[in-house]
Structure formats: C-alpha cells, structure tokens
Amino acid sequence: MTWTEHDHQAMALALALAAKGRGWVEPNPMVGAVVVDREGTIIASGRHERHGGPHAEVLALGQAGQRAHGATLYVTLEPCCHHGKTPPCTDLVTASGVARVVAAMSDPFPEVSGRGLAILEAAGIDVAVGLMEEAARVLNAPYLKRLTTGRPHVLAKWAMTLDGKAATASGDSRWISGEASRAMVHETRGVMDAILVGLGTVLADDPELTARPPGARVPIRIVLDSQAATPHSCRLVQSARQVPLVIAVNDHAPPPARERLSRLGAEILSFPGRGRIPIGELLDELGRRGHSNLLVEGGGTVLGSFLEESAVDAVDVYLAPVIEGGDHARSPARGRGLELMRDATRLERVQTQTLGDDIRVQGWIPQPWRSRVGL
C-alpha cells in the first residue's frame with residue numbers, strides 16, 4: 001500500500017487526538033478518528049473521551065453528518081463490531097456512507113480481531129490497514145500488554161544524582177530533582193491506575209502518592225508490606241478512606257495488624273508464603289482488576305526486585321545535576337547486580353527531555369510480549 005502525504009497528515013491528527021484520552025479511557029484503548037471529504041479536506045474529528053462514553057468514530061461521523069457520504073474515515077484502531085458499553089461502531093460506519101476506511105491497526109481484542117474490518121469490506125467499503133501502525137501500537141502498548149499477558153504495563157520511576165544516588169546515607173532524598181521534574185511526576189501519577197512502593201519508602205518518606213493537582217484518574221496506592229507493619233499514623237493510612245490504599249501482605253502477617261489497618265480503611269491483599277510479596281501474582285491480580293498502568297516508585301529494593309523479575313516494561317528517570325559523594329549503596333535499583341557490564345539491560349526507544357536543570361530519560365526495557373503484538 002502506498003500512502004500519500006494527506007493520508008499521513010490525517011492519521012497523525014487521529015493519533016494526536018487519541019493520545020488525549022490517556023488516563024480517561026482505560027482499560028479501553030485510546031482511539032482517534034478523522035473524516036476527510038473527497039477533496040481532501042478534514043471535515044470532522046473525534047476521540048474516545050471517557051471509558052463508557054461514545055467511541056471516536058461515533059463522535060467524528062456524528063460531527064460530519066451527511067458530509068460523510070463518499071468520504072474517508074481515518075481511525076487509529078479497527079472499529080468495534082460487538083455490543084459492549086456502546087453499540088457496534090461498524091453499524092454506524094456502514095450507515096454513514098463513507099467510501100473508505102483507513103485503520104492504523106487491527107484490534108487484537110478477541111471479540112473484534114479483524115471481524116470489524118471484514119464487516120466493512122462486506123458492506124462494500126474500501127478498507128486499508130497499516131498506516132502509521134507502529135505509532136498506534138506504541139500509543140496503546142499498555143492495552144496490548146494486558147490483552148496479551150493479563151498484566152498491567154509497569155513503569156518504574158526514580159530520581160537520582162549524577163553519581164547514581166537515590167538518597168544520602170541517612171536516607172534523605174528531598175529533593176534530588178527540581179520543581180519542573182516533580183510537577184511532571186504528578187502529571188504521570190494522574191494517568192496511572194495504581195502507584196506502588198515498599199514499606200521502606202513509607203517509613204523513610206511518608207509519601208501520600210497522589211497526583212497534585214488531580215489528574216484524569218485517582219490511582220490506588222499499593223504498599224508491599226509482608227508483615228502489615230505500615231504505621232497507622234502515616235499519610236497513606238490517614239487518607240485511606242478518601243483515596244484507595246492496598247496493603248499487600250503474606251499469609252503470616254499478624255492478624256491483629258491486618259485487622260487494624262483494615263479498620264482504618266486499607267484493603268488487605270494477602271499472598272501465600274512467608275517471604276516477599278510475589279510480584280508476578282500481584283501483577284496478575286491487578287490485571288484481573290482491570291488495571292492497565294502501574295507506576296513503581298520504589299524504593300531501591302522494590303525496584304531491584306521488579307527488575308530481577310523482568311517485570312518492568314519502561315523506565316522514567318530524572319537525573320539531577322547534583323553530586324552526593326558518599327560511598328554508600330543508595331542505588332535507585334538494588335538487587336543481585338551483574339558480573340559483566342555487557343549483560344546490563346539496555347533501553348530501547350530512548351527519549352530525553354530537559355526539565356529545568358534536570359534531564360529526564362525515558363525508555364523501554366526489552367520484553368518478550370512485545371514481539372507478539374508487533375512492537
């Protein structure tokens with residue numbers, strides 16, 4: 001298929017519209033749609049704005065009205081063909097009179113998965129797939145991961161000094177990064193389903209783990225605390241009745257400690273065994289609950305455990321122009337480490353950004369599931 005410059009422009013707009021749904025539409029995918037008339041003029045557009053709300057195609061075609069007849073519909077994901085929270089989009093597309101549908105990618109959701117495109121073709125609509133497909137798959141990587149593995153997409157975040165410290169020897173870490181970086185962290189939190197830390201971070205920093213100002217979502221807060229030792233006076237527990245708090249414990253956590261936290265509003269999520277919380281089982285449970293995005297904020301032991309379990313999909317690192325200078329091991333990600341640097345994990349799709357005096361580094365960690373979804 002040969003795509004024109006106009007094709008690319010229309011799909012680029014649809015993708016930009018789709019991205020505005022981040023945090024609002026999950027666990028649904030982000031989708032954008034653009035309608036272009038026979039003369040190549042964009043006459044309507046739409047995006048999936050909220051989970052349970054009208055789909056992008058519905059809004060775009062509704063805006064186009066009769067002008068959609070003979071037009072081309074550009075959509076970032078194959079139109080749905082099943083009854084979910086809304087009727088099938090294929091019915092509306094067929095009735096609209098569009099002559100052509102260009103989809104960036106097919107939808108791997110089992111109830112769609114090529115059927116939507118087949119219905120449109122059977123109705124005599126010219127269908128083309130694959131325009132800017134990679135960008136569409138990158139945009140919806142969390143959706144694709146949960147469909148493929150049943151687990152949420154895991155983003156690990158940390159801030160560190162130029163000499164690789166996440167805190168001083170005493171544990172103080174306020175503040176390594178600057179105001180612009182901290183504002184970006186709050187923006188990230190506001191599109192997450194859940195934010196996770198270990199008990200050590202609760203004891204050292206007493207975080208609230210909320211987005212300020214509030215974002216599209218109110219993420220649940222998760223503490224890995226095998227023995228239910230989270231202090232009742234900490235801000236997480238004190239706000240548990242206003243913002244959901246999950247304490248992940250093991251079966252051998254003292255029942256009185258679990259009951260007290262529960263009475264204060266925390267949900268106690270128990271896992272078998274005596275040791276650390278099993279990360280894989282925790283991610284499976286979050287996937288069952290419909291969570292698409294998990295932000296792991298630390299500390300070093302928790303981040304190291306997630307990395308050693310190959311449970312991190314992407315990283316978001318804030319590097320500050322600060323030198324701490326100690327010879328302690330306050331690394332942002334601890335664990336067993338490696339013998340040879342050649343075995344170290346190297347990021348893919350690396351992006352850098354300057355935020356004030358800080359440098360933000362984002363990238364993907366290689367993961368087997370991506371090859372199964374074309375990433």
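Mentor: What follows goes from the whole chain to single residues, and the model is a predicted one.

Trainee: Fine. How many helices and strands does the protein chain have?

Mentor: There are 13 helices and 14 strands in the protein chain.

Trainee: What share of the contacts is between residues 24 or more positions apart?

Mentor: That share is 72%, taken over contacts with a separation of 6 or more.

Trainee: What about charges, how far apart are the mean positions of the positive and negative ones?

Mentor: They are 5 Å apart, with 39 positive and 42 negative charges in the protein chain.

Trainee: Switching to cysteines. How many disulfides are there?

Mentor: A search of the whole structure gives zero. A disulfide is a covalent bond between the sulfur atoms of two cysteines.

Trainee: Which cysteine sulfur is closest to that of C89?

Mentor: The one in C80, at 3.6 Å, which is too far for a bond. The cut-off used for a disulfide is 2.5 Å between the sulfurs.

Trainee: Is C89 buried or exposed?

Mentor: C89 counts as buried because its relative accessibility is 2%. C234 is buried too, at 4%.

Trainee: Next, the backbone. Where are the cis peptide bonds?

Mentor: One joins E26 and P27, with omega about 10°. Another joins G298 and G299, where omega is about 5°.

Trainee: Where does P27 sit, and where does G299?

Mentor: P27 is in the loop between α1 (5-19) and β1 (32-36). G299 is in the loop between β11 and α12, the latter covering 300-308.

Trainee: Which residues other than glycine have a positive phi?

Mentor: Among them are S113, with phi about 40°, and M132, with phi near 55°. Most residues other than glycine have a negative phi, and most peptide bonds are trans.

Trainee: Where are those two in the fold?

Mentor: S113 is in the loop between β4 (100-103) and α4 (115-122). M132 lies in the loop between β5 (126-129) and α5 (133-139).

Trainee: Let's do a helix. Which residues of α11 are buried?

Mentor: In α11, residues 279-288, the buried ones are I279, L282, L283, E285, L286 and G287. An α-helix has 3.6 residues a turn, so residues three or four places apart point the same way.

Trainee: What comes after α11?

Mentor: G290 follows, with a positive phi near 90°. H291 is in the loop between α11 and β11, which spans 293-298.

Trainee: Why does H291 count as buried, and what is it in contact with?

Mentor: H291 has 13% relative accessibility, and the limit for buried is under 20%, so H291 counts as buried. Beyond neighbours within four places in sequence, H291 is in contact with R146, P152, D193, I220 and L286.

Trainee: Now strands. Where is L224, and what does it touch?

Mentor: L224 is in strand β8, residues 220-224. Residues up to four places away aside, L224 touches L196, V197, G198, L199, A248, I277, L282, V302 and F306. L224 is buried, at 15% relative accessibility.

Trainee: How far is T72 from D126?

Mentor: Their C-alpha atoms are 9.1 Å apart in space, and the two are 54 residues apart in sequence.

Terms used: Residues are numbered from 1 along each chain as its sequence is written. This is a predicted model: local features need pLDDT of at least 70, side-chain atom pairs count only at pLDDT 80 or more; totals for chains, interfaces and linings use all residues. Side-chain values use heavy atoms; hydrogens and water are left out. Helices (H or I, at least four residues) and strands (E, at least two) are DSSP runs, numbered from the N terminus. Contact means heavy atoms within 4.5 Å. Lys and Arg count as positive and Asp and Glu as negative; His and the chain ends are not counted. The place of a charge is taken as NZ of Lys, CZ of Arg, CG of Asp or CD of Glu. Buried means under 20% relative accessible area, exposed over 50%, partly exposed in between (1.4 Å probe, protein chains only).
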